[in-house]
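Trainee: I am new to this structure and would be grateful for a guided discussion of it. May we proceed by question and answer?

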Amino acid sequence: MTSETGGLHADGAAQRLLALYRMMARIRAFEDAAEIASQGGVQAWGLAASATPAKVRGPLHLSTGQEAVAAGVCANLRRDDLLTSTHRGHGHTLAKGADMARMMCELFGRASGYNGGKGGSMHIADFSVGMLGANGVVAAGIPIATGAAHALKLQRRERDEGPGDARIVACFFGDGAINRGPFLEGLNWAQVYGLPVLFVCEDNRIAATTPTRSMTAGEGAGARAAALGITAERVDGNDVEAIDAAAQRLVARVRGSAPALLHAITYRFKGHVSVDPGRYRDPQELARALADDPLERTRARLAALGCAAQGEAIVAAARAEVQHALAVADAAPWPDASAAYTDVLDSGAGRWR
């Protein structure tokens with residue numbers, strides 16, 4: 001995978017792109033399998049036809065079509081960096097290093113899931129990899145990320161750590177979140193106090209069922225961040241190499257305790273939830289988006305680099321990993337009824353009875 005002109009540089013670029021594609025393929029495979037499971041069946045993903053269909057419990061918001069953003073950003077984060085996500089957060093969680101099988105168990109409502117089967121899709125968290133949690137409330141992750149970044153800055157000061165040692169927070173949110181109060185409040189606080197937080201707007205051009213252009217004035221997240229003096233970059237959210245490069249630049253800035261924002265323009269292929277056919281969307285717009293699939297773009301780029309076979313192997317491995325995750329979740333135990341009174345602020349130890 002070297003070239004006469006690129007040499008080792010070309011080989012390194014190919015390896016980097018293969019790693020990014022591997023993560024994108026894992027996210028796509030997970031979302032596709034979860035979608036089928038939420039609609040009542042898993043046989044298409046390798047479970048025996050006689051198996052009881054293991055359905056996803058609760059709402060399921062898919063990030064299909066947005067995989068490049070999660071992969072490109074998280075490739076530039078350390079394991080000890082922190083991350084907050086949204087109700088559409090499977091990709092972020094996987095890209096930060098969470099275990100796919102435990103995630104699937106959580107979606108299936110099983111005891112071995114990340115939240116004991118009680119949080120479901122919108123509340124998966126894995127503190128061991130810095131994933132502070134997805135969030136079902138639009139924009140709610142922004143003040144959480146800002147607060148976490150402030151804590152990191154205080155800890156860094158106490159430990160007298162230099163910029164190279166600094167941990168940071170990555171905060172993912174959608175374009176719908178920028179019209180809510182926490183967006184302005186969080187960005188303002190981060191800028192005033194010079195906090196190490198990278199804000200990432202996954203602009204999929206629709207807020208639930210309403211096109212962004214009909215409800216958001218101005219030039220969007222990047223322009224609003226710039227108005228507060230925050231460095232912002234706009235990037236093609238379907239180009240994983242462009243995202244990777246932009247994230248690398250911005251993460252370096254954030255580690256120096258200066259907030260930054262990445263405005264990634266992408267597209268959500270599916271409806272608002274997994275059982276929503278999304279018929280309110282313009283068919284021509286959807287067709288154009290599907291023709292610009294970030295995985296297909298990356299696959300073509302890999303082929304041009306002479307890595308087509310490796311790309312095919314990555315897809316097969318991702319599918320096998322998801323089949324395993326489905327089988328684990330299907331066989332996992334249900335939570336005991338007594339678990340309903342754990343993981344709460346104050347259960348009252350039964351006194352309310």
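**Sheet, helices and pockets**

Mentor: Please bear in mind that this is a predicted model. Helix α2 (residues 67-74) lies across β1 (82-84), β3 (169-174), β4 (197-203) and β8. The angle at which α2 runs to β4 is about 165 degrees.

Trainee: In what order do the 6 strands of the open sheet stand?

Mentor: The pairing in this sheet is parallel. Its edge strands, each of which pairs on one side only, are β2 (131-133) and β7 (231-236). Neighbouring strands are turned against each other by 20 degrees on average, direction ignored. The order is β2-β1-β3-β4-β8-β7.

Trainee: Which residue of β8 stands opposite Val 235?

Mentor: The strand β8 covers residues 260-265 and pairs with β7 in the parallel sense. The two strands are joined over 6 bridges. Opposite Val 235, the residue in β8 is Ala 264.

Trainee: Why is β3 described as largely enclosed by the rest of the structure?

Mentor: A residue counts as buried when its relative accessible area is under 20%. Strand β3 is largely enclosed because the residues of β3 that are buried number 5 of the 6.

Trainee: At about what angle to β4 does helix α6 run?

Mentor: Helix α6 comprises residues 181-192. This helix lies across β3, β4 and β8. Its angle to β4 is about 150 degrees.

Trainee: Which element gives the most to the lining of the largest pocket?

Mentor: The largest pocket has a volume of about 350 Å³ and is lined by 26 residues, with His 87, Val 138, Gly 174, Gly 176 and Ala 177 nearest its centre. By class, its lining has 11 nonpolar, 10 polar and 5 charged residues. The elements giving two or more residues are α5 (141-159), β3 and β5 (206-207). The one that gives the most, with 3 residues, is β3.

Trainee: How many charged residues are in the lining of the second largest pocket?

Mentor: The second largest pocket holds about 240 Å³ of space. Of its 16 lining residues, Asp 203, Thr 212, Glu 219, Gly 220 and Arg 234 lie nearest the centre, while β4 and β8 each supply at least two residues of the lining. The lining divides into 5 nonpolar and 5 polar residues, and the charged residues number 6.

Trainee: Is Gln 66 buried or exposed?

Mentor: Gln 66 is found in the loop between α1 (8-38) and α2. Leaving aside neighbours within four places in sequence, its contacts are Arg 88, Glu 202, Asn 204, Thr 266, Tyr 267 and Arg 268. Because its relative accessibility is 2%, Gln 66 counts as buried.

Trainee: What distance separates the C-alpha atoms of Ala 313 and Ala 95?

Mentor: Ala 313 is found in helix α11 (residues 308-331). With a relative accessible area of 46%, Ala 313 is partly exposed. Ala 313 and Ala 95 are 218 residues apart along the chain, and their C-alpha atoms are separated by 19 Å.

Notes:
Residues are numbered from 1 along each chain as its sequence is written. This is a predicted model: local features need pLDDT of at least 70, side-chain atom pairs count only at pLDDT 80 or more; totals for chains, interfaces and linings use all residues. Side-chain values use heavy atoms; hydrogens and water are left out. Two strands pair if DSSP finds at least two bridges between them. Helices (H or I, at least four residues) and strands (E, at least two) are DSSP runs, numbered from the N terminus. Axes are lines fitted to C-alpha atoms, for helices over the stretch in contact, and angles run from 0 to 180 degrees between N-to-C directions. Contact means heavy atoms within 4.5 Å. On a 1 Å grid over the protein atoms alone, a cavity is a set of points where a 1.4 Å probe fits but cannot get out, and a pocket is an open set with protein on both sides within 12 Å along at least five of seven lines; lining residues have an atom within 4 Å of a point. Grid points are joined across faces, edges and corners, and a volume is the space filled by probe spheres set on the points. Ala, Val, Leu, Ile, Met, Phe, Trp, Tyr, Cys and Pro count as nonpolar, Asp, Glu, Lys and Arg as charged, and the others, Gly among them, as polar. Buried means under 20% relative accessible area, exposed over 50%, partly exposed in between (1.4 Å probe, protein chains only).
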